[in-house]
Structure formats: structure tokens, C-alpha cells
Protein chains: 6
Amino acid sequence: MTDTVQRPSGRRPDELRDVRITRHYTKHAEGSVLVEFGDTKVICTASVLERVPEFLRDRGQGWLTAEYGMLPRATHTRSDREAARGKQTGRTQEIQRLIGRVLRAVFDLEQLGPRTLHIDCDVIQADGGTRTASITGAFVAAHDAVTRLIAAGRIESSPITDYVAAISVGIYDGTPVLDLDYDEDSRCDTDMNVVMTGSGGFVEVQGTAEGSPFSRAEMNALLDLAEQGIGQLIQSQKAALETGRD
Amino acid sequence: MTDTVQRPSGRRPDELRDVRITRHYTKHAEGSVLVEFGDTKVICTASVLERVPEFLRDRGQGWLTAEYGMLPRATHTRSDREAARGKQTGRTQEIQRLIGRVLRAVFDLEQLGPRTLHIDCDVIQADGGTRTASITGAFVAAHDAVTRLIAAGRIESSPITDYVAAISVGIYDGTPVLDLDYDEDSRCDTDMNVVMTGSGGFVEVQGTAEGSPFSRAEMNALLDLAEQGIGQLIQSQKAALETGRD
Amino acid sequence: MTDTVQRPSGRRPDELRDVRITRHYTKHAEGSVLVEFGDTKVICTASVLERVPEFLRDRGQGWLTAEYGMLPRATHTRSDREAARGKQTGRTQEIQRLIGRVLRAVFDLEQLGPRTLHIDCDVIQADGGTRTASITGAFVAAHDAVTRLIAAGRIESSPITDYVAAISVGIYDGTPVLDLDYDEDSRCDTDMNVVMTGSGGFVEVQGTAEGSPFSRAEMNALLDLAEQGIGQLIQSQKAALETGRD
Amino acid sequence: MTDTVQRPSGRRPDELRDVRITRHYTKHAEGSVLVEFGDTKVICTASVLERVPEFLRDRGQGWLTAEYGMLPRATHTRSDREAARGKQTGRTQEIQRLIGRVLRAVFDLEQLGPRTLHIDCDVIQADGGTRTASITGAFVAAHDAVTRLIAAGRIESSPITDYVAAISVGIYDGTPVLDLDYDEDSRCDTDMNVVMTGSGGFVEVQGTAEGSPFSRAEMNALLDLAEQGIGQLIQSQKAALETGRD
Amino acid sequence: MTDTVQRPSGRRPDELRDVRITRHYTKHAEGSVLVEFGDTKVICTASVLERVPEFLRDRGQGWLTAEYGMLPRATHTRSDREAARGKQTGRTQEIQRLIGRVLRAVFDLEQLGPRTLHIDCDVIQADGGTRTASITGAFVAAHDAVTRLIAAGRIESSPITDYVAAISVGIYDGTPVLDLDYDEDSRCDTDMNVVMTGSGGFVEVQGTAEGSPFSRAEMNALLDLAEQGIGQLIQSQKAALETGRD
Amino acid sequence: MTDTVQRPSGRRPDELRDVRITRHYTKHAEGSVLVEFGDTKVICTASVLERVPEFLRDRGQGWLTAEYGMLPRATHTRSDREAARGKQTGRTQEIQRLIGRVLRAVFDLEQLGPRTLHIDCDVIQADGGTRTASITGAFVAAHDAVTRLIAAGRIESSPITDYVAAISVGIYDGTPVLDLDYDEDSRCDTDMNVVMTGSGGFVEVQGTAEGSPFSRAEMNALLDLAEQGIGQLIQSQKAALETGRD
């Protein structure tokens, strides 16, 4: 991998943006996190609801689901408010389905018991990578909600089976780079979102050629970068969870 | 007015919560303010759009409109996400119509020219008074957007004709009190939202008897409190606008 | 108050339009009233439903709710049919929420028992003041429905605790005037809707400065006018209820 | 045809209900009619809009369309308000498509010029036959709107090519009967709506076997009844149009 | 009836298009039929659902309902996809209500027991007569589903009381003709859909004058044609049901 | 790779289902293909619309978009009809966004000129792999539509820059397998959809761990299988395009 690409942010190809994870960000939710990947800022909350969806009624197990939104002026130009338009875009639905799916991959839903963990990821400022920041922050919010359930004696042990975090990688100006910001994302040939667990397994890989198709070699380089970046993100999650009060 | 009522927050009857107005809160909007009335926190942004609604086409004048939303877990228990439900509640529509109407009362729309100032008020944490905080913060965001328009030479002089701010008052445990928080709001007999200009005129008065009807004398006491509180809020707006960069 | 203002209708500043309340207007509803404030005509029906909304299930108490609509050509120019557009406007929702709220203020919902009084106010001709006419007529329709419930032995005594009626007041050409018709409403500086009980308490006050803000003195003059007008409306309600069959 | 069937209303098999057509019923619409078939009461308005739908743009011809609605408590038990449910039922759509289609059959849309006649039929009290009453009343409202267009010099001669009216017929207790009211309609084996012109041509025939299929002989008897009834309705339309002011 | 009219397809006035009924067309449904009336092709499936709609709960009887759709490019030019538009057109709703109603006319819903037969008619290629082909094919699909219920011992005897089929007739170039294709349908003066049972009773007659009104004599000629055509269709249904495996 | 896994279908791990591509399947569309991957059957049509979406107005370039649907009983149990529910599911939106995106990757939209190629993929029978079959068939339908545009002289040369096809791979019972059918799909640990061009580049890779996370080695084995399968699919596309009339 060459170091010579000039990223708009001046970062090295394998360099994450500053990652900040602030727990207990709002006061009502069982888990509430502000996650920042550089200028991308997402409020992730985890709410415990003592009910399950209809299709799980009387099964004894729990559920975890996620919703995603963006404030209308989180972006460079104002987007329509989805609530006013009366429906969520396809992009929003894709992202919220992804967030729910990958968090369920590290949850033992039997162990959670007959309740729902409802994750909300709301982007208050967008600068690329909102879905990867959402996943990374949502894990911490969900973890805090679980800690509270255990402390309250409502579940005996944690249903969380592993860490999970996500990062984007892409080919910018011919070079594989880590953690695309908006400027890069809008000029990338290939854009890939990778979700991995703390033990290094892949939960989701979504790669898209925006311009030319990508080769197997490029894919391998991207996955190498992603593995490294996710390792760092999981360190940030651990650091956040070890700091301050539960 | 008696000082003997025991407010849940320990405040005096005529005491506002801590009011904080943080400008330049997010980076993309022409005006962006985080307004806090105690634990109530609202992000207010003002976006300049170089177009007007259909009903104003070719009139030369501008428009100002507002939308309001709450993050699903801004509240004690999680509310449905309006974008997922596919429609805004009646309450949301009432509030956003109010915000737009009262800001237009201090805007010379001819002077604004053929563009729209689109206000978004998004509650990230709710503890009573979200509509009054929204109005108070939205004014500052709109002011910043106007300052930028003038600096860019897109309008010659400010279309803003006066300050405007809002506060709630109510009768709690028999005593008129200022700036209801959630605990008070849910136990108040009468709840009134008052919107006034910097020069002391009323723009909107909305009083509702939640329990027993209220008397003319009570209404007068409430309006006295509101006048005083709005005076303080407008001082806070001025202080915020005089501080830091434009 | 000056008598010298020239109202479009030729009325004195403190003069109501002709008020007519026709009971038993349609034949199916438990209460059915045609209320006319001059050329404003609203059909108000009260339907008794032997069920309560989900949030009151198993509480033993009843509920009262209201819906409001306008025939598309009730107005000067045709408006879109809300059923065809697929949603109610914000204005419609505001009005129907208001009607329900103020009628509940004079209902003892425990005494009503586990049933719902569903009020429908449908404007067949609009000439200003449709919401105040709706409230004034809806009270009589609700009263008739209650009378029928008592006659049928389904409730023992009336859950109605007081009369309630509503009127608009405004500042027209500098003068406070009572009961705005459409011509006045569209040229008024300030428009206020006031809802009061038979015993003289305020249930709702909603004042809006359409043009210049209004002063405390103007507000007082408007409330004086409203008190007087509502007194007359409640006389009309009483007269209607005492006349003819139940 | 036997006279021995006992109709709930006591009418003879070939007897219409009392038909009343009241013109100028509301004041804003270019044509406004209250039509009553016994206890069925429908407000029919015709609005002239100086525009045409997109698919007719720049064709020079006009359009006529219709919408239909029922007040929620026009019926024995309260129906949901379509505006609140957010969509019109299939039944409503069928009826309004029918009304528009049959009125267009007696309109020369070229002659109407590039404008739309928008018909609204709103049922304020339902007792069977709302669609036939709607068509019969809507014709008169449309006629009044056309008269006004001619008087104003906006069109030279009438685009109306013939009268049109509608009636229901059915087989009640084995006997063909004319103009079903609600009691009959809900117990009929066969229900047929017939629309005819003043010159005796059929515009629409919609017959449905609610119970047993019907025979060719029964259909013929029903059509005989309908022809006679529509003749009387067209007399009523003519009488209404000849009476009073235009 | 004259033979001299020149139909676009070269058919005689009383000649059906080629009718093909292919059973077991798709593999999952309890009944699945591809019905072809010339170039009109509709997939009709019958699904057995072991539940009934809310309004039939605890009545013991069953229900039969139908839905209709067209692939967006089943037609000459592409139509909007109803699922993407977010609602079904009035035409779609009319057709699916018709299909359900006429099939229920030959079903003993008590005998079906507490289950729903859900019919889906999806047009994959349209060339006129999609609703009549749908009814004709749906009957066979429903029959297959019933056969399977009996074979599985879930019902004892068939709830089907008669055959039912449908055809269109119209007046083309002055001549009554049978089974209109698209070219004829779009140029017909009168268009009538007729639904009859195997024993010759009428279930539904829907005739519309697209151009000039039609006379009683024309209606009689059309009904004669329809009777003959439906006789042939029912032969085709019988032949299909007697051929191949159940 | 082991051959010892017992696939429900009896296929070898690297064996596709029978693939059939039938061109000119329906008669109205500019391109119409029935694509079958075993029991999965999808009708893919390509419609040429002589307009572009709003965001491309006056740019000179064209657009390609796709919609996806399933007949309600294409599946084992009946699914709700999206048109009747009033909205498309998140899954449907994801798939149709994918189809459009990957076809655009092999289209030169400048060369297409100011028109839209609208792809519709409608599943008439589902047995796993509906999105990969859709992409593979849609390419052929789009190719036919382009051929027709060239033959008509509406574009000079083909805007298609490469072939594109898609296949699913997954880890079934510990073994990587190619082209999952429904039985395998519902029991797979990992499911990956791969889209590649004729020249061997990746356009999209979407891998999801349904159960345990997958390793880098597993991902490599899956990509190997997918490369081989897509090579075969592109041969099938070529064979179909070389056979029969254009």
C-alpha cells in the first residue's frame, strides 16, 4: 500500500478519524451514547421495552431492532424530513436493517428474555460513515442497557456474546484507504462497509463499485485495512466502557 | 404571589431554569443553535433555500417555515418514530405551525427576498417546555442565518424587525409559576404558552385549563410572570448573539 | 370601546351574528345539531360507542373525542378533499384536538362509564368562526346524547359538569370586535378564540397576532368582549335544550 | 307485477320515495343542491375551476370529475372518517368514479372549454340510494354552474347534451321494487343501479345478485321499473330548474 | 345480428378468443391457474388461510376475498407500480371487489368453515378483458384449492354451489360483439361485463356507455351474446378440471 | 472444497441450478425475459421511457432504474400484497436499489441519451435467489431494449459496456456452496450475493453472517465459487442473446 495518496483530510491511508464515544449522553434512555468519527456525530440510544414483536409472542426469547434517522440539516444541504414526507427512504431502511442485523449477531436473544432492545441512531451531523459510526456507537449503548438490566436483576448474565464494530474502506484515487469522510466518499471508485466482531469474524461485508469494478486484489487490500481499523474501534469501545460510571 | 409553593425543582415561582444558548452547534447549517432550558435540549437550525413555496411564486417576497421533531428516546419512555409511523402527530404539527407563525411575526418577508428560511427544531432531550425552548433558540439560529446572508451581500439589511422568545407559565399547586418542567407540566391545572417580542408585544397566547377552568385573575398573574421571564430570555438571546464569532 | 368602527356586516363591535341551534338535525346520531353563526353552518353529531381507546382499557372511565371536517366547497374557493389527499391538514388536527379537549373539560369521564362519546363537526358552509361554532354546537349534541343515555338507564346521572361555549374576538381596524366573520377574520390584526364555561371560567384562550403584536390592554378588551359573547351563547344553548323534545 | 309485497315503507312496488331538490343550498359554490330521496340527503355542489388535469393540458377541452363522501354519522352506526383513516374506501372510489363517468356522458367537454367542473357529493344522512340521489342532484348542480358560466359570458352555449338521472331497483321478497331504502337494500336478493338520459338511453346498468342469481325475466322487470322511475326523476329535475332564480 | 362488422382480430361477432386454462401453474399455492383469453394472461392463485377477518370472528363461517394487480409492463405503455405509488387505483379496487363478490356468490361460506380462501389475480400480459379472464380463472384455482381441502379431510364436502364465469360484450362499430380485446375495447361505444353461473343465472351485469347511450334492444342483444360466451367458458373450465391430476 | 456435503437438492457444492433464459416472454415491453434459476422464476422487463428523472433534467444523459416485486403467492405461504399494504418493504427496496445500481455499472448513461430504461423484476415463483436471478435476467431484457433502440435509429451505438450477472453463495453445513435454493438459504450460516461483470470485476459483494461470523478463508472460498458460477451465467446470457430473433 502506498502512502503517497493525498487524502483531503491529510490522513494516512490507514488512519482513522478521531473517534470519540461519550456515554450517558442523554438522560432518559437505558443506554445513550454520542459517537463521533471526526465530524460525523450520531446519538445512539438503547431502550428496553418489556414486550416482543408479534412474531415472537410466547417464544420466551427477546428481540433487538434498530431505527436510523438524520436531522434534516445534518447534511451539507437540507434534506426533506422523513416524518414530513410520510415515509423513510430506501437508504434509511437499508441502514436500519443493517444495524439491527449486525447487533443481533452478537446477542443471545434467548438470554435477553422476553423483551426488546430498541436501538435508535440519529445523526446530528453527517460527514461520511454514518452507518459505521452508528453500529460502533449502538453497541456501546446496547451494552450499557444490558448492564442496567443485570444490575436491576432483570437478567442474570449478559446476552452479549462479543464486541462488534464497523468501518468503511474504499479506493480513493487508486489507493485503498480507511474510514472515508464525505469528501472521499463522494469521489471514491469503490466503497465497502465491513462489520466485524471482537474475535475477528466477519458479520457483514458490503462492497459496491461506484465507478469501475474492483478486483480480487483490491478487495483483499480493503479487507486488510478494515480488519486493522475495526481492531482500533473495538479498543475505543472497551476504553469507553471501562471509564466512568455504569 | 406566594413564595411558599414547593416546586419539584426547588425553584422559586418566578424562576427560570438555567438557559444556555450555544451558537454554531453543528457545522453545515447557516444558523445552528443548541438551546437548553434546564434538561430540555433542542437543536435549532436555520437553512437558507433559494426558492419559495408555490403559493408565493413570482411575488418577490420570501418565506419562513418551521419543522419540529423529537428523537424517539428524548422522552422518559420511547415514543414511536414519526418517520417510521409515516406521519407526524397532531401535536407535532401544532408546534411546528406555531414556531413558523411566531417567527414570521418578526420577519419582513419582502426584505428577505425570494428565498425561504427553513427552521428545524429537533428535541434531543425533553423535560418540558420544548416548544418555548424551540422558539427561543430558533430566533437565534434565524438571526445567524440572516447575518450570513448580509455578510455575503445577498440581502442589504436585516429583515428581522424585533426579538421574539417564548415561555410557559402555569398554575402549580394553586400558585402561578414560570417555566414548567416535565414534573410540573404533568401536574399543572393550567398551562399557558406565551410568545412576546423584544418590545413587549404579545405574538401568541395559548392557555389551556388541564383541570379546573382558570379565572381572569389567574390569567393576569400568569401573564405577569411570562412578561418577566421573556424579558430574561431576550437578554440571553442578546448575550449569545454578542458573544463569539458570527 | 368605540362604536365607530365600520364592520363589513354592519354589526356593532360587541354584536354576535345571528345564532341558531337546531337539535335533532339528522336522524341516526344520539345527538345531532345544526349550529349557525350567521352564514357559518356546522353539523355537530355525538355518537355513543360502547368501547374506549386502548390507553383507557380496563380503567372503567369513558372518553370523549372529536373530529372536524369541512365539505370541500364550504369555502369561497374549493379546497382539496382531505380523504382524497390521504391526510388531514395541520389546521384540521389543531381544531379537532381543541374541540375534544374543551368538551372533556366539562365532562366527568368516570361518570360517563366505559364508553366513548365521539363528536363529529362537519362544516357545510364556512364564513369565519367554524371552530367556535363547532364547540358551541357540539356541546348541545353531546348533551342530547347524554340525555338519551340517562333515559335508557345506561348511566345514572349526567357526567356533564358545566356548560361550555366558544367565540372569537379580534382587533379589526383598531377596534376590538366580537365574533369575526370571514371578511373580518382575513383582515384582522389579532385573532383570539376564547372558550369559557357556564360558570365563567376560562377553558382555553388562543390569541394570535396576525399583524402587529397586541398589547396587554388590547388583550383585556378582547377578553371582556368574549366574556359577554359567551354569556349570550350559553343562553342560546340553554334555550335550545329547553325547547322541543329530547 | 304484484302489488301484494309489503315494503317496509308501505310504498307500492313502483313508488319512488318523496324526491326533493333544493337549489342554491349553500352560498359559495357555482351550483349547490340538496337532494333528498326520502331520508337520504346529499349536498351536491359543482365548482368551476379554471384549469384542467395534466392529461388534458393544451387540448382545449374541459373535464368533469366527481368526489363522494359521507359524514361519519350519516349512517346508523358511525363509520370511520376517511380523512382520518388516510384513504378512501373502495366503495367510495367506485361511487365517485361512477358519478363522474355518467355526468360526462351528457357533457360536451369541447364545448365546456379548458376548465373543470368539479362535483362534490356529500351525504349528510343515509337511508339507501345515496349514489342514485347523488347523480340526480349532481346533474342539477352542474346545470346551475353551467347557467352561471353562460350568464358570465365565459361559454357561449351549454355543453349539456341531455338530462341524466339514476335510480335503484331490486328484488325484494320476490317482487321487483323501485328505489330501495336502507331496510330493503339490506334484505334484497338483487340490487341494480340504473342511469338513464332524458331521451331514454341507458348510460350505466349495474346489477348484482346479493343472494341467488337473477334471471333474464327479472332483469327485464327491473329495467321496466327503472325506466319509469327515472322518467319521474327527470320531471323533478326539470321542475326544480324551472323554479326560482338562476 | 350482422356478421359484416370487421373486427380488428378478424373474429366473428360471436366468437371468443382462444381460451386456455393451465392448472398447477406455480407450485406453492393450493390452487394456481394461468388463464389466457387470447393475449390476455392472468395468473390466478387460491391460498387457504386458516383464519377469518375480524368481522367474522367466532361465527364459524369462512370467507373468500380477492386481490388484483397488473405487472407494470403488462400494458402497452408502462403503468406506475401500485406498490411504489403507495396505493391501489380505484380501477384496481373495483375489479378486486368484483372478483371476490362474484366468487362468493357460488360459495357456501358456512360449508367452507372458519378459513379464508384468498384469491390473487395478477395480470402478466393485458390485451382487454383482464377482469373477465380473472374471474374465469379464479374459479378454477378456487376449485383446486377446495379439492385439496377435501382430500386432506379438512372439509367434508365442497362449498362450491355452481360454476361461475365472466365475459365482456360491447357494441363495436354498431354491432354487438363478444369478448372485446384491447383494440375493440378502446373504440367501443358500450362495454358490458357479464358474470353468470353454470345454471344460467346472472350474478353481475355492469354495462357502461362510453360514447352514446345504449338502447334496451342493444342491451338484449349484448346479453344474448354473453349468455352464449359464458356457456363456452364454463365448458372450458369443466374441461380443464377434468384433465390431469388434482 | 469437499464434495461430501449433502445438499437438499442433491447438487454438488459448485453446481448451479438449471438456468433458463426465455426472451420475448411478454409482448408489450421493449425487452421481456423470463429467467429461471431452478424453481425460481422472475419476469424481467425493460421499458424505454422518453424522459429522465427531475435530478437529471437538461443534462443530456439517461437513467436506468429498477423496481422489484413478488406475487403474493410466489412464496410458500402467502405474503401481503405490497400495493394493498400501501408500501414496499425494506427488503423490496433494498433489492430494487441493488438491481438498478449494478445495471448502471455496465451502462454508459451519456450514450443512452435523455431517456430512462425502467427495469421491472417480478417474481412469479420464489425458491431462493430471486435477486440474483433478477439481475441476471434484467441484463438480458435491458440488452434487448437497447438492441431495439439501435435498430430504430434512436441511439447510434450500444451504451452497454460489459455483461453483468449475479449469484448467491453460502456456507451450508460447513461447506461453501453455490446458488442457494430456499431450503439451503433458510439454513445457511453465511449468505453472500456477488455481482460481477463479464470481464471479471466485482460490482457488488454483500455477505451476511446469519449465524456465526465467517472467516477470511471462508470468504475467499465463497468468492471462488461465485466467480465460477457467474462465468457460467454469463455464458447463458450470451447463448440466449445469440439465439432467435431480436
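**View 1. A:R131 sits in a helix.** In this predicted model, you'll find A:R131 in helix α4 of chain A. Skip the residues up to four places away in sequence, and A:R131 touches A:I95, A:L98, A:N193 and A:Q206.

**View 2. A:R131 is also on a UniProt list.** The unreviewed UniProt entry gives A:R91, A:G129, A:T130 and A:R131 under "binding site". These residues span 41 residues in sequence, yet no two of their C-alpha atoms are more than 13.3 Å apart, so they gather at one spot.

**View 3. A:G129, another residue on that UniProt list, sits in a loop.** The loop runs between β5 (116-125) and α4 (130-151) of chain A. Is A:G129 buried or exposed? Its relative accessibility is 16%, and buried means under 20%, so A:G129 counts as buried. Who does A:G129 touch, once residues up to four places away in sequence are not counted? That would be A:R17, A:T40 and A:L180.

**View 4. Over in chain C, C:H118 is part of a strand.** That strand is β5, made up of residues 116-125 of chain C. C:H118 is buried too, because its relative accessible area is 9% and the cut-off for buried is under 20%.

**View 5. C:H118 reaches a residue of chain D.** Look at the side chains here: the one of C:H118 makes a polar contact with the one of D:R78, at 3.0 Å. Leaving aside neighbours within four places in sequence, C:H118 is in contact with D:R78 and also with C:T45, C:A46, C:S47, C:L49, C:T65 and C:E67.

Conventions. Residues numbered from 1 in each chain as written. Chains lettered and ligands numbered in written order. Predicted model: local features only at pLDDT ≥ 70, side-chain atom pairs only at ≥ 80, totals over all residues. Heavy atoms only, no water. Helix = DSSP H or I, 4+ residues; strand = E, 2+ residues; numbered from the N terminus. Buried < 20%, exposed > 50% of the residue type's maximum accessible area, 1.4 Å probe, protein only. Polar contact = N/O pair within 3.5 Å; in protein donor to acceptor, adjacent residues only side chain to side chain. Contact = heavy atoms within 4.5 Å. UniProt positions renumbered as here; feature names shortened; annotations may be inferred.
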